[in-house]
Amino acid sequence: MTSLAEVQSAFGCAVLAGDFSALTRYVRTDGISAAGRIGVYRNNVMTSLTSLLVERFPVVERLVGDGFFSFAAEGFIRTAPPDQACLDSYGAEFPGFLAAFPPCAALPYLPDVARLEWKLFGVARAAFAAPLTIATLAGLDPETAANLRLRCDPAVDYLASKWPVDRIWQAHQGELVEVNIAAGSCRVELRRYDGKLTIRTLKPAEFAFRSALAAGSTLGDAVALALSESGDFDFFQALATLFTEQWVIGQSGAATSQEGS
Amino acid sequence: MAEILSDRPALAWVEVHPENYLRNHPARAALHQVRRDVPVSLHGVALSLGSSEGLDRGHLRELRALADEIGAGLVSEHLAWSRVGGIYVNDLLPLPYTEETLDIVCRNVDQAQEALGRRLLVENPSSYLRFEHSCIAEPEFLAAIAARTGCGLLCDVNNIFVTAENFGLDPMAYIDALPAASIGEVHLSGHFRTAREGQTLLIDDHGDLVCPEVWTLFRHALRRFGPVPVMIEWDKALPPLAVLQDEAARAETIAGEIIRETCFDIAC
């Protein structure tokens, strides 16, 4: 007696890995071969997941062309199929897959372009949060201030790359941008603000300060990192700007602990 | 969704795939806005009611939260499966219709109705293959699920047409075998016609107008089921909202004709 578990396991191998051998014997042919019938499902699965990856990594797709993208996507889907019913986090591992995918070795910047696109996708779908005002920090003594942690708007993210991936990305947004791959690194802040997505280049000290805070560092540690990048980093100005840009949505460590909702 | 929010057309209700609104915050906010004007129903595609390994409890919790938050009208899912070994295959895969499968599906439907705190509508799928060891006809299988679990059924007339054409079945007889009292909703949509190994194969892609044969079946279905909510599905190559409204208006006209015809029958 054939169990449902056996059929489903065989079907999984057929649609994800293209191995129809275990499933074929369970399928009625009815004029079309078992392989022809199973192929309809395999094709549905591969095309729907590939188009989901194209939607999430459109610049990567344009850089490599649709044929190569489908080839890479097939390898990715086979090694890292979705493990959740909600597909919102599907593709998080695609940049790492591309980095380790030998056929992509000639495009060393490709994984970072994918990382940038994945972060933009996350920022676009992030939760909404009400910002705090700088008045929250009024009257803080220096020691408390150094131990303060600020919670950042969920629709903000950071990326540092040794490649000019921000310029590469912009060159595929219909803007006329000259990209010099040898131009080197970039440090960017990605943000959804007022419904719009922006990518902004930050100076090294500012990037160190903001990305450290966003990752949960104390104010003291974030300032130390910023100062190690640039001795003339203006801490007060940088802190004030976080509030004017509505970047801070919560804090912990100050006496009047207050959280944005 | 943007068109609904900006033009505010007079819609009876809106039906969405809940999976697209579980963790996408701007989309969820837009759904809340739509909900202020029209009721929202949830039509799931990833619950995997046919999985032998049972349902994903985390996913059920997320669905429940969304359904409660928007006060979902109807909540439906497919007689299909997509989860095996903790992996989600992004498609509605077919089931062998056996006593074992029936037990598994009923257990999963019971669990889903319990976890969601609602009656579920289970929809007949479009199929491209059948299993050698299937021994129960699909409409009888659906009727048995409804009888055992108390769930309702969603009758997708296009899916009946697609499945019947693909396997040489009689779609009218399929409709006649469904338990009329359990039908809680009807779906209509388009499909496309292709060929495999010289044989015609219909593929359900929700990317076209409802075809004439499906309109005829729809009349037959309504005569049997009585007045039930009807939804036009369109997922691929989405046309302007007006095209969908025209299709919905046509369905409404037919429903009106059937009701008049039925009342006349009763009066006689």
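User: What makes domain 1 and domain 2 of chain A count as being in contact?

Analyst: In this predicted model, 13 residues of domain 1 of chain A are in contact with 10 residues of domain 2 of chain A.

User: Which elements supply the side of domain 1 of chain A that touches domain 2 of chain A?

Analyst: Two or more residues each come from α4 (58–64) and α6 (94–99) of chain A. By class, that side of domain 1 has nine nonpolar, one polar and three charged residues.

User: Where are the bounds of the two domains of chain A, and what separates their centres?

Analyst: Domain 1 of chain A covers 1–107 and domain 2 covers 111–261. Taken over C-alpha atoms, the centres of these domains of chain A are separated by 36 Å.

User: Why is one side of β2 and of β4 of chain A without a neighbour in the sheet?

Analyst: The sheet is open and has three strands in the order β2-β3-β4 (chain A), paired antiparallel. β2 (156–161) and β4 (196–201) of chain A are at its edges with a single partner strand each, so one side of each has no neighbour in the sheet. From one strand to the next the twist averages 20°.

User: Which strands of chain A do helices α7 and α10 of chain A lie across?

Analyst: Helix α7 (residues 110–125) of chain A lies across β2, β3 and β4 of chain A, at about 175° to β2(A). Helix α10 (residues 204–214) of chain A lies across β2 and β3 of chain A, and runs at about 130° to β2(A).

User: How many residues does each chain bring to the contact between chain A and chain B?

Analyst: Chain A brings 39 residues and chain B brings 39 residues. On the chain B side, elements that supply at least two residues each include α2 (25–37), α3 (57–70) and α4 (99–116) of chain B. β5(B) gives the most, with six residues.

User: What classes of residue make up the side of chain B that touches chain A?

Analyst: That side of chain B divides into 18 nonpolar, 11 polar and 10 charged residues.

Note on methods:
Residues numbered from 1 in each chain as written. Chains lettered and ligands numbered in written order. Predicted model: local features only at pLDDT ≥ 70, side-chain atom pairs only at ≥ 80, totals over all residues. Pairing = 2+ DSSP bridges. Helix = DSSP H or I, 4+ residues; strand = E, 2+ residues; numbered from the N terminus. Axes fitted to C-alpha atoms, helices over the stretch in contact; angles between N-to-C directions. Contact = placed C-beta atoms within 7 Å. Nonpolar A, V, L, I, M, F, W, Y, C, P; charged D, E, K, R; others polar. Domains from an automatic or database assignment.
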